[in-house]
Amino acid sequence: MSTRLVTFTLHGHLYGVDVDAVQEVLRTQPRTRIPLAPKTLGGLINLRGQVLSAVDMREQLELPARSDEQEPMVVVIRVAGEPVAMLVDSIGSVVDVEDDQFELPPDTLSGASRELLLGAYKLHDQLLLALDVERAVAA
Amino acid sequence: MEEMDEIVQEFLVESYENLDQLDRDLVALEQEPGSRELLGSIFRTIHTIKGTSGFLAFNNLESVTHVGENLLARLRDGKMSMTPTTTDVLLAMVDTVRELLAAIEERGTEEGVEVAAPVAAITAVLEGREPAATPVADLLPEAAAPAPAEPGVAEVAETEPEAVVEAPVAEAPAAPAAAASAPAAPAAPEEEHTTRRNAAESSIRVDVDLLDTLMRQVGELVLSRNQIVRQAAETDDLELARAAQRLNLIVTEVQEGVMKTRMQPIDHIWAKMPRVVRDLGSSLGKKVNLEMIGRETELDRSLLESVKDPLTHLVRNGVDHGLESTEDRVAAGKPAQGTLTLRAYHEGGQVVVEVTDDGAGIDPERIAAKAVQKGLRTAEQISLMSQADVLQLIFSPGFSTAAQVTNVSGRGVGMDVVRTNIEAIGGTIEVESVVGRGTTCRLRIPLTLAIVPALTVECAGDRYAIPQVSLLELVALDADRAATAMEEVNGAPVYRLRGSLLPLVRLAEVLGVESERSDGHVLIAVLQAENKRFGLVIDRVLNTEEIVVKPLDARLKAIGTYSGATILGDGRVALILDVQALARRAMAAEALERTAADEVAGEAAKGVGEQLRMLVAGIGSGRRVAIPLSSVTRLENIPSDKVELVGSREMVQYRGQILPLVRLDRHLGAMSERHTDDLVVVVYSAGDRSVAIVVDEIIDIVDETSDVHSDIDDPGLLGSTLIRDRIVEVLDVRSAILAADPRFYTDPAPVLDVDGTITTSFQEAL
């Protein structure tokens, strides 16, 4: 069995989400910040007239914050029929991975990322961390 | 009669649609004869038509559908199975029904349509006989021949030769019409059709989801329009400007048009009011005449739903509490029958709905007393309020004017719930009342929720939208004025807006962001929410525009500060501020107001020469004293003999409270020149305590004072000032109050014992 993932990077790591969940990928979008909102909410985005919440995946995975000059890219995914934007560092590509490359997250992995990760695919040159889409953008 | 026509029209439209469905279902049923689902659907359709036709007294229609229903019921329950014959008679029945409907539509009567034949045909099938024996079949002799005498139903299905059944299928629809051809009947419809669209053609049913989608898309269109109009205004391109202008007009029309598709007359919810009023009236023994004006006034269907319950509550309230009993009415010289009027009209882009009774009206005094008693407002807050404002207190949570709880409108669902519901849809509610004449509750409801006029403002570089419905006015203060006009009460900022204190909320603080305004200018949006006024301090006012409200996802709603989001002309998202929530969140409003009021009293007592209203009173020996009016609850005349002595102090009982007295003449060393047997007192209250300050006479109330000169060292005075060219001493209210009640500022109120004697902490104090 092979799975098709859309990949993107965060803090130098390669992440992937199921291609079926991805609606589209966008360049940097103007965002409206939301005072009082949790830090994981990176703002609101106007997607052709629809207002999307943008989840900052660095915050969500408890990675160091992006530097100011580094503008995030946007991956729009659909969760329960509703589009949600994920803010990521850069967009990778679409890759096919085989089930035999898959391993569950190591037991030593703790914290937020363990909750959000399905596991890792061992690519020949690096690891591709598969995200649980629904949890990744949950509050 | 007109109403009846409307009902018949609706019935026709509905029935035509149902019949089309029925045709499809019946044909489908032939493919899968056992389908319970299809049979059930067909049965319900026929049942509906039967029910309505019985109600509208279309007896022929009823008799046809009645036998059809019987047959369908047996099929549905599996007591009979579908055969081509049953399909035929059912289709024939549908055709007959269609003809009857056509006759009703064109001539208003079902006369002239032959129903005996199809009824007999269905009855025959029901009884297990062959339709061939019926008059329908008689018209087609060749079909009648091979009919077996008495076969079982199941057998029929198997033995019936196809050809024989085909004949009635083809002919049956035509047969009743032919049989029915009363001379003029068939000709008339032909002519009518050309001039008048029939009921089914002139209106269509549209899925509400589709309308919602359209509305959303129009929203997008409005946004794009705003964007283009803005950009066109910035260029010199005349062509573009003209095109933008046209676009502007067209979009506005489209927007109105689409909004209209969602509009329904308010009569939809009014229709049940006569019954509500009648039932309630008779259970209360009141005669009530219900008048409804403006039933055709339309509003958005989603709003209509939301208005239903509050409106019903107001109507019940009007009958229950608004209108007096018949005896009271007669005694008051009014007609025995009370009148409740519902009135709806459009005004300034809103729908106004009024519920008016010609009852006893609401006494603001009673409301005020009740509000104080319930601790909703302090007496001095009330004293500062206009009568109209006092009336609005009935919408405060925890307020219910019903002297006794009735099972009608006193079930804990108060007017505050009505207000909450109305405000939830961006509406407002107010009450007007004339004692003895009646009460009017007025709802103002936006035409639609999807597109609302709003004010866009800026705070810390971000833009926010504030719905216009909450906005009262804008106040701009330059740096100099801001420095003096904004004051602090216990660290809470307030602004004096035309003499009354306006609590201020700094948006930047609420949102936890850094304001970008550093030049000292202050912009205040005066907002109203839940009957409270407050000023929202913002960085900049940008624009007023129509915004399209986009819902927020749950986690943003949970923040409680935003009611939605919108997209502005430049395509950026802006958050819509939830004014109600801001009011609740940012100020423990009541507390703030109260401290503000107290503080002002204190400040005035300290002699800050502001524009305060002063009460000027004579205290004898030709001396005049000014008392800040903000601390005065009431002016009263009290009989001298009501004064009781407790220890060496004088007290009076007043409205169930004990008022310590201070005689200003003695307090300030003057000689009273008043020699009547009543006392003029100035009642001063704070919290739940009051004192009475006795003066000789009330001379005047003045709006302004010049600076207070604190050149007098007399105890009990703050200084002197000039009022109308006379020197007036300014009373140190605090010291006067402490002279009457040393614990005024520290202790809770004394209470009256059940026997009415004063046994309080005062005695301990002595």
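The model is predicted, so local features need pLDDT of at least 70 and side-chain atom pairs count only at pLDDT 80 or more, whereas totals for chains, interfaces and linings use all residues. Residues are numbered from 1 along each chain as its sequence is written, and chains are lettered from A and ligands numbered from 1 in the order in which they are written.

Chain B contains 30 helices and 29 strands (DSSP runs of H or I, at least four residues, and of E, at least two, numbered from the N terminus). Of its 766 residues, 38% are buried, that is, 20 or more other C-beta atoms lie within 10 Å of their own, with C-beta atoms placed from the backbone.

Helices α17 (residues 301–322) and α22 (residues 415–424) of chain B have axes that come within 9 Å and cross at roughly 155 degrees. The axes are lines fitted to C-alpha atoms over the stretch in contact, with angles from 0 to 180 degrees between N-to-C directions. α17(B) and α22(B) are therefore roughly antiparallel (over 145 degrees). The residues that meet are tabulated below.

| Helix | Residues in the contact |
|---|---|
| α17(B) | S306(B), D309(B), P310(B), H313(B), L314(B) |
| α22(B) | V418(B), N421(B), I422(B) |

At the interface, 19 residues of chain B are in contact with 14 residues of chain A (C-beta atoms, placed from the backbone, within 7 Å). On the side of chain B that touches chain A, β18(B) supplies the largest share, three residues.

Note on methods: Angles under 35 degrees count as roughly parallel, over 145 as roughly antiparallel, 65 to 115 as roughly perpendicular and the rest as oblique. Two residues are in contact if their C-beta atoms, placed from the backbone, lie within 7 Å. A residue is buried if 20 or more other C-beta atoms lie within 10 Å of its own, exposed if 12 or fewer, and partly exposed in between; C-beta atoms are placed from the backbone.
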